[in-house]
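Here's a quick walk through one protein model, with the cut-offs spelled out as we go. Have a look at it first.

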Amino acid sequence: MIPFRDIRMDLMSSKEVAAYLKKKKMVLLPVGCFEMHGPLVPLACDSFLDWGGALLMGEKWKVLVMPPIYYTFPGASGPWPGTVDISPEATIAYVKEVVKALLKNGFEQVILCGSHGPLGSILKVVNTSLLQETGQVVI
């Protein structure tokens, strides 16, 4: 048995998601980063933590969980080997497009799950901008 199989959208078919959308309209979207955390810690540890947290919430709330967005603005770790260093503007634009695609495809409640330091202010911009553009509240 695959852990969290019943809530992981990356393991679902389109038909399974359509059946879910007849009952619920919420989805959790983990947003992490891919950056240096020292010589022994995996580059995607923030993404793993955010995805794990979203899976635990999804299991408790019985809602779907998207796979994480790995590549976002990393902050000060940009020059370190392996870090994917994209701009805050690119992060905002990409996360907004993913959320708009989810809204377009029937989800009405999108909850962004991110714990990486720089994401706090970035996701506030995403939320505000999406509210202004779509009228939808994204948490």
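Predicted model: local features only at pLDDT ≥ 70, side-chain atom pairs only at ≥ 80, totals over all residues.

## Ground rules

Residues are numbered from 1 along each chain as its sequence is written, and side-chain values use heavy atoms, with hydrogens and water left out.

Helices (H or I, at least four residues) and strands (E, at least two) are DSSP runs, numbered from the N terminus. Helix α3 covers residues 88-104, and its 17 residues should span 24 Å at 1.5 Å a residue; the expected span is 1.5 Å times one less than the number of residues. The end C-alpha atoms are 24 Å apart, which agrees.

Buried here means under 20% relative accessible area, exposed over 50%, and partly exposed in between (1.4 Å probe, protein chains only). In α3 the buried residues are T91, I92, V95, K96, V98, V99, L102 and L103. Seen down the helix axis, they fall within an arc of 165°, so they line one face of α3; the arc is taken from the directions from the helix axis to the C-beta atoms. On the face turned away from that buried side sit the exposed residues E89 and K104. The buried residues of α3 pack against β1 (26-30), β3 (109-113) and α4 (119-134), where contact means heavy atoms within 4.5 Å. Just after the helix, G106 takes a positive phi of about 110°.

## The nonpolar core

A nonpolar core is a set of buried Ala, Val, Leu, Ile, Met, Phe, Trp, Tyr and Cys residues joined through side-chain atoms within 4.5 Å. The largest one has 36 residues, and L29, V99, F107, V110 and L112 touch the most other members. Elements giving two or more residues to this core are α1 (14-21), β1, α2 (45-61), β2 (64-65), α3, β3 and α4. Of these, α3 gives the most, with 6 residues.

Take L29, which is found in strand β1 and is buried at 1% relative accessibility. Leaving aside neighbours within four places in sequence, L29 is in contact with M66, P67, I69, V98, V99, L102, I111, L112 and C113. F107, not counting residues up to four places away in sequence, touches M9, V17, Y20, L21, K25, M26, V27, L64 and L102.

## Aromatic rings

Rings of Phe, Tyr and Trp (its six-membered ring) pair if their centres lie within 6.5 Å; planes under 30 degrees apart count as stacked, over 60 as edge-to-face and the rest as tilted. The whole structure has 4 aromatic pairs. One of them joins F34 and Y71, tilted, at 5.7 Å centre to centre and 55° between the planes. F34 lies in the loop between β1 and α2 and Y71 in the loop between β2 and α3, so the pair ties together parts that are 37 residues apart in sequence.

Y70 and Y71 also make a tilted pair, with ring centres 6.2 Å apart and planes at 45°. Both are partly exposed, Y70 at 23% and Y71 at 44%. F34, F48, Y70 and Y71 form one aromatic cluster.

## S47, a buried serine

S47 sits in helix α2 and counts as buried at 0% relative accessibility. What does the side chain of S47 reach at 3.0 Å? The backbone oxygen of C33.

Notes
Polar contact = N/O pair within 3.5 Å; in protein donor to acceptor, adjacent residues only side chain to side chain.
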